[in-house]
Amino acid sequence: MKGETEMDLGLRGKTAIITGGARGIGAGISEVLAQEGANLVINYHSAPEECEAFAKSLGERYEVQTIAIQADIRYQEEIDKVFKQAIERFGGVDLLVNNAGVMGKTPVEKMPKTEWDRFMDTNLTALFLTSQTFIRHCLKENKGGRCVNVLSKAAVSTNSTGNVHYMASKGGGLMLTKGLANEMTRHGIYFNAILPGYVISHGTDYDKGTEEAERKRLMIPTQKYGTPIEMGYVAAFLLSDKASQMAGSIVDCTGGLLL
């Protein structure tokens, strides 16, 4: 299947780390990068058999090299483990996709601090730590690199309640992306982000035909839910040299929800 639906973005032979890369949007990004010929380091936190099988299937289907690494990226030592194995296997890391995150709803008046901390640790602090580790690797090797942060429409807008922790963490990720781009683009290390909207993926019920799902679909100007593969196409472009004039860009992938 080598070259299947390839966009020819110049990613063949590059090595990408994708956090949360075996499910949902992360899986879509992993698949598109495999289509483009990149070596994949797929990080996951749970469901090892499923994630290991997914990584293996991409390697076989697209004739690329893949490894799956279980790690809790809230902790620096776990991030170091991912990068160490990636460097040992492939000689270095060229691309980073910060996709891992948590979602959930709790009314603000009932939200325990432990839940707030979990969202900040996973959605924001881990974003900083993985990015910092990537930056240090690129600077040490005297080379450039590209990173895409997967955020959410909730970084800039909300139409629901019970998710102030999610909005705050994603909004922080937006400004972190811009700040990192401001400091690092001059070194050839590019940071950009995408804002998915309603995407049919692991854990969503958007494709179940329920009244609520139909109501949300009709809110979208394109009149269709997004897919992980569609998010992958945008992320892959941002990870390529063809996006050479995009630094600190926050790309709306909501189908028009933010218009």
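Ala236 lies in helix 7 (residues 228-238), where helices (H or I, at least four residues) and strands (E, at least two) are DSSP runs numbered from the N terminus. The model is predicted, with local features requiring pLDDT of at least 70 and side-chain atom pairs counted only at pLDDT 80 or more, while totals for chains, interfaces and linings use all residues. Residues are numbered from 1 along each chain as its sequence is written, and side-chain values use heavy atoms, with hydrogens and water left out.

The relative accessible area of Ala236 is 0%, and the residue is therefore buried (buried, under 20% relative accessible area; exposed, over 50%; partly exposed in between; 1.4 Å probe, protein chains only). Leaving aside residues up to four places away in sequence, Ala236 touches Met7, Leu9, Leu11, Val32 and Leu33, a contact being heavy atoms within 4.5 Å. Between the C-alpha atoms of Ala236 and Lys105, which are 131 residues apart along the chain, the separation is 30 Å.

Helix 2 (residues 48-62) has 15 residues, so at 1.5 Å a residue it should span 21 Å, in agreement with the 21 Å between its end C-alpha atoms; the expected span is 1.5 Å times one less than the number of residues. Its buried residues are Cys51, Phe54, Ala55, Leu58, Gly59 and Tyr62. Exposed residues Glu49, Lys56 and Glu60 are carried on the face turned away from the buried side of helix 2.

Two cavities of 30 Å³ or more were counted. A cavity is a set of points, on a 1 Å grid over the protein atoms alone, where a 1.4 Å probe fits but cannot get out; lining residues have an atom within 4 Å of a point. Points are joined across faces, edges and corners, and a volume is the space filled by probe spheres set on them.

The largest cavity has a volume of about 60 Å³. Helix 4 (residues 113-140) gives the largest share of its lining, four residues. The residues lining the largest cavity include Thr19, Ile73 and Lys170. The second largest cavity has a volume of about 40 Å³, and its lining includes Thr19, Ile73 and Phe83. Helix 3 (residues 76-90) supplies the largest share of that lining, three residues.

Key
1 Å grid on protein atoms, 1.4 Å probe; cavity = no way out; pocket = protein on both sides within 12 Å on 5 of 7 lines; lining within 4 Å.
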